[in-house]
Amino acid sequence: MIDIGIWELILGFSILVIPLMVFMYYRIRLIKDMLVSTARMIIQLALVAVYMEWIFEMNNAWVNSLWVIIMVLVGAGTIVKRVGMNWRTYLFPFILAGLVSMAIIDAFFLGAVIRLDYFFEARYFVPISGMVLGNSLNHNIVGLTTYFGGLSQKKELYYFLLTNSGSRRQALLPFIQDALVKGLNPLLANMSVIGLISLPGMMTGQILGGASPAAAIKYQVMIMVAIFAGCTMTLVLSILLSGRFVFDGYGNVKE
């Protein structure tokens with residue numbers, strides 16, 4: 001695999017001048033966010049290069065599990081921040097939803113599908129968990145923003161459905177449907193064009209690393225299925241587990 005040198009990396013970052021000029025021209029307040037996000041990405045991935053070597057060398061079940069738990073915690077915190085919810089109220093439900101989803105996905109795909117001799121094998125357990133969590137993060141933010149925004153903006157509809165159906169489950173159904181559609185539609189669209197207009201990162205990385213295209217494709221198919229299942233479970237569980245904090249004992253939306 002061809003390595004990328006320092007000067008080539010610097011050259012690569014220069015392309016960010018284009019979005020920077022767009023933001024300046026249209027007076028979009030994303031310049032600071034772009035610079036901070038880019039800086040964080042560089043620092044975080046530089047640290048990854050250091051500790052991943054250590055994690056792979058240790059290959060310890062407790063260390064690997066702890067790292068996945070940390071990823072879940074960071075992901076849940078990011079969701080709370082981006083959706084604009086109260087930290088103390090919603091952090092735990094989102095963490096629990098992420099942990100339950102990851103436990104099911106990892107147990108099924110690593111244990112039953114790939115059938116690892118050592119379930120906590122760092123080269124599989126950590127990256128695959130990370131890919132599922134990373135994709136769940138993006139789609140959960142969209143879905144949860146839609147769900148909570150809908151309840152806030154369409155309270156009359158919720159109360160109308162609650163009064164006429166007598167069931168909070170029926171009253172929430174259109175809000176949950178909308179959240180799932182908007183949260184998962186982009187992922188379904190991406191899955192439908194993989195191989196036609198895009199080559200996913202995991203498959204490309206495996207091919208660059210020397211794996212055969214057939215093996216890389218099989219892994220990519222499985223990881224996309226795992227991502228979709230994980231996104232769906234995490235989004236639904238986040239909605240259900242946060243219910244006790246959204247409604248009072250009479251089914252009214254809390255202010």
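This is a predicted model: local features need pLDDT of at least 70, side-chain atom pairs count only at pLDDT 80 or more; totals for chains, interfaces and linings use all residues.
## The largest nonpolar core

Let's start inside. The largest nonpolar core holds 47 residues, and the members that touch the most others are Phe94, Leu144, Tyr147, Phe148, Leu151 and Tyr158. Helices giving two or more residues to this core are H3 (31-58), H4 (61-83), H5 (87-113), H6 (122-153), H7 (155-165), H8 (168-193) and H10 (213-241). H6 supplies the largest share, with 12 residues.

Leu144 is worth a look in your viewer. Setting aside residues up to four places away in sequence, Leu144 touches Ile79, Val83, Phe94, Gly149, Leu235, Ser238 and Ile239.

## How H8 and H10 pack

The axes of H8 and H10 come within 11 Å and cross at roughly 165°. Angles over 145 degrees count as roughly antiparallel, so H8 is roughly antiparallel to H10. The crossing of H8 past H10 is right-handed.

On the H8 side, the contact is made by Ile176, Ala179, Leu180, Leu184, Leu187, Leu188, Asn190 and Met191. H10 brings Met224, Ile227, Phe228, Cys231, Thr232, Leu235, Val236 and Ile239. By type, the residues of this contact comprise 14 nonpolar, two polar and no charged.

## A histidine in H6

Back in H6, you will find His139. Is His139 buried or exposed? Its relative accessible area is 11%, and because buried means under 20%, His139 counts as buried.

Beyond its neighbours within four places in sequence, His139 is in contact with Gly183, Pro186, Leu187 and Cys231. Among these, Leu187 and Cys231 also take part in the contact of H8 with H10.

Note on methods:
Residues are numbered from 1 along each chain as its sequence is written. Side-chain values use heavy atoms; hydrogens and water are left out. A nonpolar core is a set of buried Ala, Val, Leu, Ile, Met, Phe, Trp, Tyr and Cys residues joined through side-chain atoms within 4.5 Å. Buried means under 20% relative accessible area, exposed over 50%, partly exposed in between (1.4 Å probe, protein chains only). Helices (H or I, at least four residues) and strands (E, at least two) are DSSP runs, numbered from the N terminus. Contact means heavy atoms within 4.5 Å. Axes are lines fitted to C-alpha atoms, for helices over the stretch in contact, and angles run from 0 to 180 degrees between N-to-C directions. Angles under 35 degrees count as roughly parallel, over 145 as roughly antiparallel, 65 to 115 as roughly perpendicular and the rest as oblique. A crossing is left-handed if the near helix is turned anticlockwise from the far one by less than a right angle, and right-handed if clockwise. Ala, Val, Leu, Ile, Met, Phe, Trp, Tyr, Cys and Pro count as nonpolar, Asp, Glu, Lys and Arg as charged, and the others, Gly among them, as polar.
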